[in-house]
Structures are given as C-alpha cells and as structure tokens.
Amino acid sequence: MIVSRRPEGLVLVRQVDHQEQCGLMARAWGGGGFALPEGAEALVTAARLHDEGWREWEAAPRARDGRPVDFTEIDRTEHVALYRRGIDAVRRRDPLAGLLVSLHGQGLYEARRGLDPGEPTPRAERPPHVRAFLDEQDRVQDELRAAMGDRAPSPEWEWAAYRLLQAWDALSLYLTWRALPAGRAGDLPRVPRAVGDPGVDLELRPDGPDGCTIRPWPFGSDRVALPVAARAIPDRRYTDDDDLRTAFAAAAPFTLELSARPA
C-alpha cells in the first residue's frame, strides 16, 4: 500500500494499481531517442505484474502506531513471502516476464543493482529469510534462462529491460507517494535509450499537484495521462487493523488523474 497525505485525506494506492499505472507507462514509452527493446511484450507484462504478490495482503491492510502500514514498512518476512508468490505467478504466465519480476524483487534488496545510491548490505550479513530469498532468486533466474534455451535474452537485453522496469516503478512512486505531494524534484537514473546504452538520467520536476515534467522526454506523445486507482480515508489515528479496514472498505474508489509532460 502506497500512503500519501493529500487534500483528500490519507490517500491509499494499492501496489496492484500502481503496477497498472506502470503498464500505462510501458505502453506509452518511446520517443526522443528512447525505444522499447525488441520483444518488449514480456517487459510490458512485467511492468503490469511486478508487484502482483501484494494482492492478498492489500485485501486486508494493516495499521501500526495508528497509521496504515506503508509499503516500505511491511515486515521483511512478509515482504519476501509476497514477492515469492508474485514471482511464481508471473513465471507460470510468461517465463521472460517472470525473469524480469524476479530481478525486480531481488533488486529491491540490492540497491536496485546499483541504480540506488549507496552499497547494499552484503548477503552474508542479511537475516536468514532475506538471504534465502536472494539465493533462491539466483536459482529461479538460472532455471528460467535454461528453460528458454535459444530464446533466452542476452545479458544486455536483461539489463536494459530491468532498468526500464525500474524507471517506470520509480516514476509511479514519484507521482503517487511522497515526492510530488511535497513538491520535491526527483530523477530516474541511467534510463536506457536502447539495448546496450549506458543510459541517461531523467529529471523529474513538479508540474502542479497532479503531474510532473520530465527532461529528456522519453514518451511518444506530447503529454501522457497516468491515472491510477486510489481511495481516501480520514487522516486520523486508527486504533487497530479492523478500524483501518472498516475505513478502507467504506472509502469509494476514485481516480488520481496524474500526468507527465516534457520540460
């Protein structure tokens, strides 16, 4: 659950709705020298399903210290379990999309493979459940590449596709989480223009309360509508999980009409 404070109250965006917004970005991508890699349908699928494991958890959100549990605050034991479920579901549907979702889930614990600042904690120093998940995903990725045989992607394709998935994920979080409501700038690091490209940094700047500008512009049209489903609940203290769930169930879904345009 992505939690932000807005004029409507506490606005909750489910991860499974956030991933649908990422799918919109994937389908609109391409312009100004940026392009989807060949065989991009699996990448679009990965964008739409990269947080699929959250679906069950978000059906019954939880409160902690009087507030809804934000997506960064979930217990790590639960976190690896829900990503494991999501990866398993996607790999059964599409092995290449499953490979990318596995890389995504693993990368969340490893500084997004160098895209995030700082050094990740070495695996040997991780809690056993995290270390087991990371090692397991190494095996999953090897199994998927082997099963695809001659159709397995090159390392260059994987790296480009992974970075695009991270760019869409981070852009969605910029729009739906804390940065845009607070009027902060952001960036998307090392976004590839093609397979083999080292990538360029995209600058994100607020453009009113419901959108941002992007430089350089990577989409194919002059403006991209990026709506996402949300619910608004009162900005108050919640006594327990049941109190929060009652408020969440009573909140009518609405659409955050978000967008992006060139700087």
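This is a predicted model: local features need pLDDT of at least 70, side-chain atom pairs count only at pLDDT 80 or more; totals for chains, interfaces and linings use all residues.
Biologist: Where is Gln166 found?

Modeller: Gln166 is part of helix α8, which covers residues 155-176.

Biologist: Is Gln166 buried or exposed?

Modeller: Buried means under 20% relative accessible area. Gln166 has 4% relative accessibility, so Gln166 counts as buried.

Biologist: Which residues is Gln166 in contact with, leaving aside its neighbours within four places in sequence?

Modeller: His104, Arg112 and Leu115 are in contact with Gln166.

Biologist: Now the helices. At what angle do α2 and α8 pack?

Modeller: The angle is about 35°, and the axes are 10 Å apart. Helix α2 spans residues 41-49. The crossing of α2 and α8 is right-handed.

Biologist: Which residues make the contact?

Modeller: From α2 come Leu43, Ala46 and Ala47. From α8 come Ala161, Leu164, Leu165 and Trp168. By class, the contact has seven nonpolar residues, with no polar and no charged ones.

Biologist: What describes a pair of aromatic rings?

Modeller: Two things do: the distance of the centres and the angle of the planes. This structure holds eight aromatic pairs. One aromatic cluster is formed by Trp29, Phe34, Trp168, Trp217 and Phe219. Trp168 also belongs to the α8 side of the contact with α2.

Biologist: Which ring does the charged end of Arg231 sit over?

Modeller: That of Phe248, at 4.5 Å from the ring's centre. In another case, Arg113 lies over the face of Tyr162, 5.6 Å from the ring centre.

Terms used. Residues are numbered from 1 along each chain as its sequence is written. Side-chain values use heavy atoms; hydrogens and water are left out. Helices (H or I, at least four residues) and strands (E, at least two) are DSSP runs, numbered from the N terminus. Buried means under 20% relative accessible area, exposed over 50%, partly exposed in between (1.4 Å probe, protein chains only). Contact means heavy atoms within 4.5 Å. Rings of Phe, Tyr and Trp (its six-membered ring) pair if their centres lie within 6.5 Å; planes under 30 degrees apart count as stacked, over 60 as edge-to-face and the rest as tilted. A charge sits over a ring if NZ of Lys or CZ of Arg is within 6 Å of the ring centre and within 35 degrees of the ring normal. Axes are lines fitted to C-alpha atoms, for helices over the stretch in contact, and angles run from 0 to 180 degrees between N-to-C directions. A crossing is left-handed if the near helix is turned anticlockwise from the far one by less than a right angle, and right-handed if clockwise. Ala, Val, Leu, Ile, Met, Phe, Trp, Tyr, Cys and Pro count as nonpolar, Asp, Glu, Lys and Arg as charged, and the others, Gly among them, as polar.
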